[in-house]
Every structure is written in C-alpha cells, then in structure tokens.
Amino acid sequence: MKIDSIAKLDKWRKEIQTKQKAIKTKILICLGPGCLAGGSDKILKEFQTILKKKKIKDVLVESVKKTGCHGFCARGPMVIIEPLGIFYSKVKKVHVKDIIEKTLQKGEIIEKLLYKDPDTDKIYKEWRKIPFYARQQKIALRNVGQIDPDEITDYIVNGGYSALAKILKGMKPDEVIDQVSKSGLRGRGGAGFSTGRKWVTCAKAEENPHYVLCNGDEGDPGAFMDRCIMEGDPHTVLEGMIICAYAVGSQEGYIYVREEYPLAVVNLQKAIDDARKFGLLGDNILGTDLCFDLKISKGGGAFVCGESSALMRSVAGEIGEPRAKYVRSVLKGLHDKPTVLNNVETFANIPVIIEKGADWFAAIGTKKSTGTKAFSLAGKIKNTGLIEVPMGIKLKEIIYDIGGGINDNRKFKAVQTGGPSGGCLPADKLDLEVDFDTLADNGSMMGSGGMVVMDDRTCMVDVSRYFLNFLVEESCGKCVPCREGLFQLHKLNEKICEGKGTEDELKLMENLSKTIISGSLCGLGQSGPNPFLSTIMYFRDEYEAHVKKQECPGGVCKKLITYKINDDCNGCMACLSVCAASAITGKKKEQHTIDEVKCDRCGACYAVCNINAIDII
Amino acid sequence: MIIDSNKIQKVIDDSPQDKKQLIMILQNIQLEFHYLPKESIGLVSEYLGMPQSTVYSAATFYKSFSLVPRGENIIKVCKGTACHIKGADLIIDQLYAGIGIKPGQTTKDMKYTIEVVNCVGACAMAPVMIVNDKYFGEVKCNRATKLVKKG
Amino acid sequence: MKYCFQVIPELCTGCRTCELACAFKYAKDGKPGRSRIYPLAHAKDQYVPVVCFQCDDAACVRACMFDALRRNDETGAVELDKERCVKCEACVAACPFGCALTDTDQNEIVKCDLCQGDPVCARFCPEAALKYVEIED
Amino acid sequence: MVKLQINGKTVEAREGEMLLAVMQRMGIEVPTQCHHEAIEPTGNCRLCMVEITKKNWDGWKKCVTSCLYPVEEGLIVETHNDKLFEIRKTILDLQLARSPHSDYVAKMASEYGLEKSSYPVEPQGDDCIMCYACTRICDVLGKSAIAPTMRGHEKIVAGPFGEAPPDCIGCLSCAFICPTDHIKWNDKGNTRTIWDKKFKLIKCKKCGKKTITREFADYLIEKRELPSEYFDTCDICKRQETADTMGALVVKAREATI
C-alpha cells in the first residue's frame, strides 16, 4: 500500500491508533545486546507460547513486544508492563509463567523482580521513578525501548513521519535549515560542528548531485548509543535523513554501518524496505515532488572509517584512507560531490526539532551545547547502560545519581570520555558540566558519548597503553606521524608499563605527541596522543611511580606486581583450577600458595576468588 | 581446503557489477565461505574490471576480511575499553589454556577461530564474548572455555 | 607569430658543428653524446642532420603516460617537463625517428626543445643547413 | 589571480595553485619526499608542512601540508619556524628508526642535526618510507599493479598476496620514482625482473639492443594507439633509418633536377 498523500498518512495513523487501542496491556521485552546476552529472546518466546494457549482479558499475543535497548543494561534482561510501567529486571525464562499468572492475570506485583536501590533499599515498581531513569530526558532515544523496531506502524503511531509531513506540507527547504540552525544542534559524532551550518553549505553548493550520509560507524570502544538507535528505532534515522535530503536537495543517501553491528543492519534494512513500500522513500515521497532513496553501506571493521573522508571513500568501495580536507567534505564529499554527513544520533534529533520547534530544543541544555546527549555508561559503575541527559549536567550526577556510583563501592579514579580521541578526567573534575566545549577545555572530548568509569584498581598508564595499542592497530598507515609516531609512543608507553621507562623517555613522549597532533593528516592521528596526554596531565604521579619506583599503584601492570594468597583463603580450589601457569598449589580446604616464579601474573586467580583472599602487591 | 571457483563466481554474479560495491561483494563472499578464498581476489577483479592489487588492498585494509580459512566456530572476544578494564585479557588467556589458540589463530581441526574485536557495543555487560553471533555478557574467565564448547 | 625549424640536408657537409654546439649548451663538458642532434651519414660523405621533427601528432607525446611531454605553442617545440618525467623511456621506444634520447651518463631523457626558441645548432651551422624561420599562420 | 603573503613577501598566484608550487617558484626550500609533479599530491610525508593564518583568525594558526593546500586570498604563510622545524625533525627522527639503512633518510635527517634516531631502531626496517609515489605513478599509468596493502605500521606496498603482480608491465616507473631506491629490479640478458616478475625485453630487430618490455610496448600500442612497428627497432637504428630515408629523398630530388 503506497501512502501517496499527507492526508493518507494522517488517516493511516488514526487507523493504527484505533487498532492499537484494543491492545490495552503491553509487555515490552528488551532485545538489546545486553538483555539478549541474558536470554531475553527466550523470554519473549516463552511469553508468546504461553499467551497463545491462555486467554487473559486485555492481553493478547500481540501485547508482547520486542523492543530495542531500554537502557538499564545492568539490570537486564528486563520486562516492562505498560501502561502501568511495571519494571521487572533480571528476569529469567522461569519467571515468565509467574509474571503471566500473577501480574497479568491477577494484577499482583512480584516483588523479587522489582528494582531495589542498593544504597537506599528502596523498591521501585515503576521504571520512570527509578533514579536511573528519573534524571534522564529522552529525545534521540525517545522510542528506543518503547517500540518494536520492525514495525513501521509502531513508529507512526508514536508520531513518526509527522515531522516529514509537516515540512512537506508547508516548509521551504531554507526554512527547515533555519530551524535546524536555530536549534543550535551540534554534530553528535564528536567534533560538535553546527549541523545547520553544514546543511546550509551543502544546500548552497552549486555542484550536483548532493548526497546525504549517515555515519553509523560507531568505532569508539566504549560507546553504543548509535547502535541502540539503529537497532531500536531505525525509522527515526530515516526520517531525519529524508528531512535533510529535502533541505539540502539530495536524492541519494547512504547509511554507513559497522560490520560489528549485524542487527543494526537487519533492522535498518527492514525499515528501509518498509518505508519504500509505503512511499516514504523513493520517488514522489507522500505524493510530493520529493524523491530520495537510501542504501546501507556496511563497513569492514576499520575505526578510521569514522573519519569523514575515509568513510566516504569506504562508501565508494575504496580503502578507507583519509585525505587531507583542505576542501571541506561538505563541498567535496562522496564522489567529490557536496555531501552532508551526520551521525546517527544527530539525525535522530531532527524529527523532534522540526516537530517541536527550534526554540523548544534550544531551551534544553546549555547555551552553546543545546539539547540532550546520549551516553553509554560502562566500566566499573553500578548502573551500566544507555542514558540520555540534557547537556550541562554535571559529571557526578551522571556517575553517581544515574550511574549509582562505583562497583563494590570502591574509589572513583577517572572517567574516560570520547573514546580513543578523548581523555580521562579525574575525581576533581566531577563537577564539570558536560558539554562539547567544557570537556574539550579539560583535555578530553565529548566524542560520540562513551563514558567508561574507572576505579582505583585501574592503572592509568595501562589505560593509555590500551588506547595507544588500539590506535596503532587502527591507524591507516598513510602518514608518517600517525603510523610511526603512534607506534613509537605505544612502544615507549609499554616500556613504562614494564617498569623500564625513563624520565627522559617521558619527555620524549610528550614532545613526540606534539608532532603527532600538529603533523598528522586526519583526526585519528591529530587526537591520537590524547589518551596519553590527558592521563599524564592528571595522573603524572602514576607515571612517576612506574618510572622511578617500578611500582604500579593500580595493581595492573603485570611486570610490576605479585599476587599473594592471604590467610582468608579457605582452600576452595577456584584459583587453582584457573591457573594456566600451574603456579598455585594447595590442598582442598587448606590455604593455597602462589609460586612467584611460575606465576605469569595473568590475574585469573584474583578474578575468580570470591572472598578476596588474594592480594596484589 | 578446496573451494570451488564456480561457487565463488556464483556469489559474485549475484552482486551488482559496480566498482562502488567492491566491499559489499567481498563481504558476500566472506559470508558464504567464512573467509576470502585466494581465487576470489582474481574473480572479483575480473568481474569489476579493476586491478587485482586494488581488490587485495581492500581485503587487507579492512579487518573483518580474512584471507585464511577460519574455523567452524568463530569466537570473538571484545576488547573495547569497558571490556579491557573488566578483564578481557583474562578471557583470552583462559581460552588459550582451554583450546590452545591465541587471537587470530585457528585450531588444527578447524573447529575454532579466536578473534579480538574492538568493541561490539555491548559495553554495559563487559567483558563480552561472542560465539557464532551468540553474545555472552559478564563472562567469568574461568567459564570462558566452557561457554565456547557449549556454543 | 609562428616559427618552424628547417633542415636542409642538401647543404649539410657533416661538419658536426651543430652537434658540438648542442652538446656544449646542454652538457658542460661538451661530450657529443649529449647532443640532441645527430649529423648522420646516409651514404659516403653525404650527411643528414637528424633532429626531432616536433611532429604534429607526436608519438612521444602519445606514449608518455605521465603528461611530461607537451607542446610549447610559442616555439612549436615538444618540450620535456623534467619534473614530471620518470624516465620510463616510453618516448624513446615510441619515437619512429629515434629522436627522443636517453642520456645514459646522466640517466635522463633528453629531447630537442629548439632551445626555447633560439636553436643553437641553427645559429652555429656554417652552411645554413639548419634554419629557424618565421612562417605564416 | 590571488594575492597572499609567504614569509612576509606578497606574491601572486593562480587560483587553485598549491602553496608548495608558489614557494618553489619563490625559491623557498622545504623538504619533501612524497611530492612529484607527475602524480597527485597526497600529503603522506608531512615534511612540506607550513603554518598558515589569516588576518581575521585572531592570531590562530594551523599547520597544513603545502603540497595540498590551495592558495587563498589574504593567506599569511610561514614556511620556517621553530615549530615547523620540530615537526620536520621529529618526522625524520621517526623515519630514521623505521628505515635505519636508508642513505636518503639519513641525509635528510642529518640536515636537522640527527645522526641517529631518538627512538628504538628497527634493525629489520626497510627503506620504504610509504610515500606511495610508486603506487600513485602506477595508478597514473592506469595499471595499479601494486598497492598499499595491510594497514597501519604493518602497511607495505606490494602486489596481491605479496606475489608477482599480475598487472605489472615492467615499465620501471615505480622503481625510478622511488626516492629511496627501495624497489629493486635488474635486466639480465633479455630478461627484466621487478616485483618478482620476469619480463621479456624487446630486442631491436636490427642491432639487438634491448629496449622496453614487450608488455609495456603492447600496453602503449593499445592504450595510445601507436603503430606497433615503432617499437621494433631501437632509437639508434631508427635515427639511422631516418637519415637513410631523408638521404634517399635528397638523392632522388637531386636526380630529378638533373
């Protein structure tokens, strides 16, 4: 069925609304990566099987909905029952029968499945009230976790494609751009370039054709916001791109998705096929003159392809080596034609901005960084997951109020933002307001929004080594400073981790970093030394401990630590069984010992010991 | 392992004959054979009318392509930031102890291949291991080998 | 204004002044091997000064894959851009008259460029067998 | 025409011209490795970096590779200062570690006071500085027989699978353009070897002198529509042929007038 006019779209929306009203209760089951690993697909099937046999008032098989990531991954798999918003977490397949019989049939709450705040012991029935959710404001993620990403009807019933209808009904392209400019929206991919300015430049470019590209190559380790949007609400990305195409006069677009996100590819493809089927993509969209079509381009596992010129070469089927961008890619982009490249989250904001207006959006966040930002919380933090908060929120609000603080109530050491191009911020920066400029002023960056929290058991020299290793592997190898510079920087960093570094080499590293930053060809190299520079800026004492005293305060660097079993050991044999070096000896129920010579410091024993009977010295 | 060139040709013939689709065609071949057989480089180059070196260059630039046969079961250990600080290395060590191969290697019986991937975007459940597209979160290192063998 | 380089073999006595003049201009030591012009005997005591014809549709220009040979419209000469030349010798192999030459001493391609509009060979030819003359368009 | 300032001097340049070209015209020398007129600039070596600013940039400066940066009206360019010296020196220092046996790198580095690298030297390191001149010239030729393969520090220039490149025609352009003479080749008898591939050299049908490879000649014949007989004889014999043909004409003309 082709929806060939705006009136038909409105009519269709009303029809779906009426139809969906019949389904009073909704059981939302998160099939995001986190919950999926916990077996949420099995839970979904179990619900469907039982409900097929059972007749319950207001509950149909269609009530069971699979959704994208609901955010609170630490508590997954989760089942949410709407409209009451009952939040069951850490659900297992065996619980399904109980949920159906007690909650759905009798309206009883199963308390043991509810969320209990570990600090206050308060039990929450409704998800919206949980502190993790209460502080959030969702714009880009508005539908993620709420709708079935496979159903275009779910998107439409929640107001989807009405922004598109709005512009087609009565906004000129420059009016659309005007709204985007006024909203103050800045690119969510990292650099924070004004989206409106990008669109204006492309729209005005005389060369044709114009392309619209969506960057879904979320390569930053520790970030998964874009993944969740592409998987959980693919139509919002499409709608954002179609609006952009209208504004800049484009007929062809690509979504570049990383290979590591297979589900995102599947869901996006389904969305594209559906949109095409209903006349929301292709020729004469909604019966107007607008013609725009989209294709998915799959990346091949190269971090550097997140860089715009490399991404464009990759879309064109070439190797993803960046080129110097002295002519901006918005003018000479894909196939050397004017191209708008925005990231997934940026496009996801567009429909809301059009719908609610630039002023509404600009009022959220800070003056220079408007709106909200999605972050992925990971690392040694209690409430790992996906969040969206207004810009300007303090780091500590994110980490403590939403994130629930550090695992095992250990001491916070640092938070890494911005991925390999970003940096680590120490405890005295927890009062920082999170926005593009503040983070950059403090030696880190917003990046795409990954936040990895580190506790006192993390070694910052090791963290720097980790990122440099990553960058050495991911450097395309084209220009000398990045290829050779990062390689040497990593080697020197490794020496420090082994306790063999010298103070002169530290100085050499700092000097080398300067050349890599100003001498490299693309953003990967230009920001490559950031992990090193930000850790040495805030944690110089740790570097000095490695260099001067051959000590690793974090207890991580293998060459500088020894493992010892203390008197708490109850002889459970757990450590012995994982010791690949056969360095642990001891009888059952007797204290074990570690042979320091044989021990290769892999740390497996430490990781499996449940009673803290192993010390790192 | 002997791969029938006709089979490769068939995969190629089903793809658009467009230089811009080079990476996609290579992906399609890999999807079918789990790696890029040597012959495929020449066949793709012929099909698209581009030099073999260009095809080979792309096949070696992108990490997801493998030019050597891979095992029946692909084990991916995530080494994203979150997984790193939560002990991804331990999983790799334990897998080495358990099945005797390191990342990038394949067991002699062609049963397992271990690969390290840079973040699969499931950071909230770090450390993460993926066995044939099945995700395992919060992997305890001493259970890694068991999880792999169970599949 | 256009110029044309004329060779009048009838007047050539084989004195080799042209060769020397050219060699002196382009190689300091004046080794005749560096000359771009070759007075060659075709019969006993009969000579032809063989030099680049600056052909209209020159094989050397066609053969050069790197666009290093281009016509100078002012002098009418096909000139070699040394900065672009990679010395692949395609021009040498292609020229049907054997007039793109390799200077093996210097490992360079040498080619007559009519001395940028003042061919020294013509200037020094005692018999006026070589002439650089103005022609009508 | 565009007016800009380089090292305090105002110069005019054609629109679209790269800074490096203007600098070279002015006689300003900056080191370059990957630059060659016959190929498009790519900015691999980063040695030709200059610092640019504009009046309205409020003192903000940025480093750009002059080989790739087109001239702009009002641009203020500095080609030599402490920062640029440091960048160039560090780059050469890094190359010295990677290519410790290269005379080419050693010579350039010594101009920056570097006798040996500050970094751990890779004794196995080869002379390839990854300037891509070879692959770019092969691209211009239209063959792209060799290409950068792998990535990052592992990157090398090679044919597919490190074997003899099927598309190579043995023209030697890559070897000739290579600034460090890293690409090895040899001609022995009738055979030329490069990239582990063997080629037959054309033998002049008159004197037997070896000219270019059969493959290269065939490529030129096909691509540039050149008559194949042009390639049968060597330049010396062709010159003599020319003399003979012209001489015969003179004789004929003389006989006609008599």
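Not every pairing is represented among them. Chain A does not touch chain C, their nearest C-alpha atoms being 22 Å apart. Chain B likewise has no contact with chain C, and the closest C-alpha atoms of these two chains lie 18 Å apart.

Chain C does, however, meet chain D. In this interface, 35 residues of chain C are in contact with 33 residues of chain D. The area buried between chain C and chain D is about 3000 Å², and carbon and sulfur atoms give 66% of that area.

The side of chain C that touches chain D draws on several elements. Strand 2 (38–43), strand 3 (46–50) and strand 6 (100–103) of chain C each supply at least two of its residues, as do helix 2 (59–63) and helix 3 (90–94) of chain C. By class, this side of chain C has 26 nonpolar residues, together with 6 charged and 3 polar ones.

The confidence of the prediction can be followed in chain A. The mean pLDDT of chain A is 94, and 100% of its residues reach 70 or more. Among the elements of chain A, the highest mean pLDDT, 98, belongs to helix 11 (residues 234–248), and the lowest, 86, to helix 2 (residues 33–37). Where pLDDT is low, predicted coordinates should not be read in detail.

Terms used: Residues numbered from 1 in each chain as written. Chains lettered and ligands numbered in written order. Predicted model: local features only at pLDDT ≥ 70, side-chain atom pairs only at ≥ 80, totals over all residues. Heavy atoms only, no water. Contact = heavy atoms within 4.5 Å. Buried area = accessible area lost by both parts, 1.4 Å probe. Helix = DSSP H or I, 4+ residues; strand = E, 2+ residues; numbered from the N terminus. Nonpolar A, V, L, I, M, F, W, Y, C, P; charged D, E, K, R; others polar. pLDDT = per-residue confidence, 0-100.
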